[in-house]
Amino acid sequence: MRKPIIAGNWKMYKTPAQAKALVQEIRSGLDQTVLSGREVVLCPPFVDLAVVEEAVRGSGIGLGAQNFYPKEEGAFTGEVSAPMLKELGVTYVIIGHSERRQYFKEDDDFVNQKVLAALKNGLKPILCVGEMWSEREANLTEKRIETQLAGGLKDVSPEVFSALVVAYEPVWAIGTGKNATPGQAQDVHRFIRGWVAVKFGKELAENLRIQYGGSVKAENAASLLTQPDIDGALIGGASLTAGSFLSIIKY
Ligand code: PEP
């Protein structure tokens, strides 16, 4: 049985003081009954990680980072390593988000370096894949997803595969208010699980959690998250206020 994982990607929002206040609000709306049925993870900006770690302590809410640089240490001005994140109490790290692919030109090879470095350092990658609208229109969705999965997961050994989460995030649905329909999302999730079954075996595929991301909000959460191959959500905009995030968690 796969436990749904609901993660909030705060992107470049919230100062440390705002982050602390938001966590306190989220905490006060969650009880152990809800948390026994879902894994909840917050992915704030780097500068908020220490504050958020302290604020979630003892609550059962997990901590994720939005990025890191795939070297242990070195002369990489402005970058942050996996061991640094680990020491701060980070468990998950988002890798291959479409905003990083688009604005920071991160390709599948770099995404793969990050996946391997995260796994080596005991961080759980949330690997994001998703097609552009033009690719969907040209019937290239599955081809695009397959390329991203094959590139991002190159040299990942089956022994460590269970640490992974995949997030299907159609680029055209991110931050646009236009979510994939439950049917569209389910089709791609089924495809992803099938691809993983062929490459890594049926058991790992069955246990893999595949989140949907792209304009998830309180109103559409239940219809998306009750699809058979959708195991939670990666949420941007709607994770920035406690009310909407809590409604999604309690879908
Ligand atoms: C995201 O940033 O991963 C995302 C899904 O954003 P939004 O929920 O705002 O579409």
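Student: Is His189 buried or exposed in this model?
Tutor: Keep in mind that this is a predicted model, where local features need pLDDT of at least 70, side-chain atom pairs count only at pLDDT 80 or more, and totals for chains, interfaces and linings use all residues. Residues are numbered from 1 along each chain as its sequence is written, and side-chain values use heavy atoms, with hydrogens and water left out. Buried means under 20% relative accessible area, exposed over 50%, and partly exposed in between, with a 1.4 Å probe and protein chains only. His189 has a relative accessible area of 0%, so His189 is buried.

Student: Which helix holds His189?
Tutor: Helices here are DSSP runs of H or I with at least four residues, numbered from the N terminus. By that numbering, His189 sits in H9.

Student: What does His189 touch, leaving aside its neighbours within four places in sequence?
Tutor: Contact means heavy atoms within 4.5 Å. With those sequence neighbours set aside, His189 is in contact with Tyr168, Ile210, Gln211, Tyr212, Asp229 and Ile230.

Student: How are H1 and H3 oriented?
Tutor: Axes are lines fitted to C-alpha atoms, for helices over the stretch in contact, and angles run from 0 to 180 degrees between N-to-C directions. Helix H1 (residues 16-28) packs on helix H3 (residues 49-56) at about 25°, with the axes 9 Å apart. Angles under 35 degrees count as roughly parallel, over 145 as roughly antiparallel, 65 to 115 as roughly perpendicular, and the rest as oblique. So H1 and H3 are roughly parallel.

Student: How about H1 and H12, what's their orientation?
Tutor: The axes of H1 and helix H12 (residues 242-249) come within 9 Å and cross at roughly 40°. That makes this pair oblique.

Student: Which residues of H12 meet H1?
Tutor: On the H1 side, look at Leu22, Glu25 and Ile26. Their partners in H12 are Ala242, Phe245 and Leu246.

Technical notes: Helices (H or I, at least four residues) and strands (E, at least two) are DSSP runs, numbered from the N terminus.
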